[in-house]
Amino acid sequence: MENLSGQVINLLNDIIKNKILEVDKYRDIDWKEIFKRSEKYNVLPIVYEGIKNTELTNKIDKSVIDELKDKSIFIEKQNEICMKNYINILNKLKDLKVKVIVVGSLISKEFYSISKTRPINSLDILINDEDLNIIDKTLKSLGYLNLSKEENKNEIIFLNKNMVI
C-alpha cells in the first residue's frame, strides 16, 4: 500500500481529471486520515466535491462524510466573505486608477476544476512603486494595518480580521 501523501495525490489527480472513482481502487484507504491530510494541504473541499456523489461515500463512515461536508461548507463560506472583501479593495483601487496585477491564490483558483473549493486566504497583487502611498492610505481607510518590515521593500503586508493582503 502506498503512503498517505501518495494516496491523497492519486485521489486528487483522479478528481481533477474527472475520472470515475472506483471503489476497488480506494478499498484499502483510511479515509479519516486522508481527510486530515487533505485539510492540512488545503484541498479538503476539493476532495469532498470529488467524492460526494460517488459510490465511495457508501464505503466511508457517515460521521466522517458529515464532518468533511461541514468543513467544506465552512471553507466555501469563508471564501465568499474573502472574495467580497477583495473585490471591494480591487474596485476601490480601480476607482483611484491604481493599476494592479492579481496573482496568487485568487487567480490560481481558476485553474481548479472545482474552483469554488480553492481556499482563498490572501489577495496578492503586483503594483507600481509610485502607487504604494495611495494603496497604503486606501487599505488603512478600510481598517487594514501595514505589517511590512522595513528591510523588505518588495513585500508589503496588510492585515485585517485574519485576512492578509
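Which residues in α3 meet which residues in α4? The close-ups below begin with that contact.

This is a predicted model, in which local features need pLDDT of at least 70, side-chain atom pairs count only at pLDDT 80 or more, and totals for chains, interfaces and linings use all residues. Residues are numbered from 1 along each chain as its sequence is written, and side-chain values use heavy atoms, with hydrogens and water left out.

**View 1. Helix α3 packs on helix α4.** Helices (H or I, at least four residues) and strands (E, at least two) are DSSP runs, numbered from the N terminus. α3 spans residues 44-51 and α4 spans residues 62-95. Their axes lie 9 Å apart, at an angle of about 125°. Axes are lines fitted to C-alpha atoms, for helices over the stretch in contact, and angles run from 0 to 180 degrees between N-to-C directions. The two helices are therefore oblique to each other. Angles under 35 degrees count as roughly parallel, over 145 as roughly antiparallel, 65 to 115 as roughly perpendicular and the rest as oblique. From α3 come Leu-44, Pro-45, Tyr-48, Glu-49 and Ile-51; they meet Ile-65, Leu-68, Lys-69, Lys-71, Ser-72, Ile-75 and Glu-76 of α4. Contact means heavy atoms within 4.5 Å. By class, the residues of this contact divide into 7 nonpolar, 1 polar and 4 charged. Ala, Val, Leu, Ile, Met, Phe, Trp, Tyr, Cys and Pro count as nonpolar, Asp, Glu, Lys and Arg as charged, and the others, Gly among them, as polar.

**View 2. α3 is mostly covered.** Of its 8 residues, 8 are buried. Buried means under 20% relative accessible area, exposed over 50%, partly exposed in between (1.4 Å probe, protein chains only). Among the buried residues of α3 are Ile-46, Val-47 and Gly-50. The cover includes α1 (4-16), α2 (31-40) and α4. Ile-16 lies in α1. Its C-alpha atom is 8.0 Å from that of Gly-50, 34 residues apart along the chain. Ile-16 is partly exposed, with a relative accessible area of 40%.

**View 3. α1 crosses α2 at roughly 80°.** The axes come within 10 Å. α1 and α2 are therefore roughly perpendicular to each other. On α1, the contact is made by Leu-4, Ser-5, Gln-7, Val-8 and Leu-11. On α2, Trp-31, Glu-33, Ile-34, Arg-37 and Ser-38 take part. The contact has 5 nonpolar, 3 polar and 2 charged residues.

**View 4. Tyr-26, Trp-31 and Phe-35 form one aromatic cluster.** The structure holds 2 aromatic pairs. Tyr-26 and Trp-31 have ring centres 6.2 Å apart and planes at 50°, so the pair is tilted. Trp-31 and Phe-35 have ring centres 5.6 Å apart and planes at 40°, so this pair is tilted. Rings of Phe, Tyr and Trp (its six-membered ring) pair if their centres lie within 6.5 Å; planes under 30 degrees apart count as stacked, over 60 as edge-to-face and the rest as tilted. Trp-31 and Phe-35 are 4 residues apart in α2, separated by about one helical turn. Tyr-26 is buried. Trp-31 is buried at a relative accessible area of 7%, and Phe-35 is buried at 5%.

**View 5. Helix α6 (residues 132-141) has buried residues.** They are Ile-135, Asp-136, Thr-138 and Leu-139. What covers them includes α4, β2 (124-127), β3 (145-146) and β4 (158-160). Just after α6, Gly-143 takes a positive phi of about 95°.
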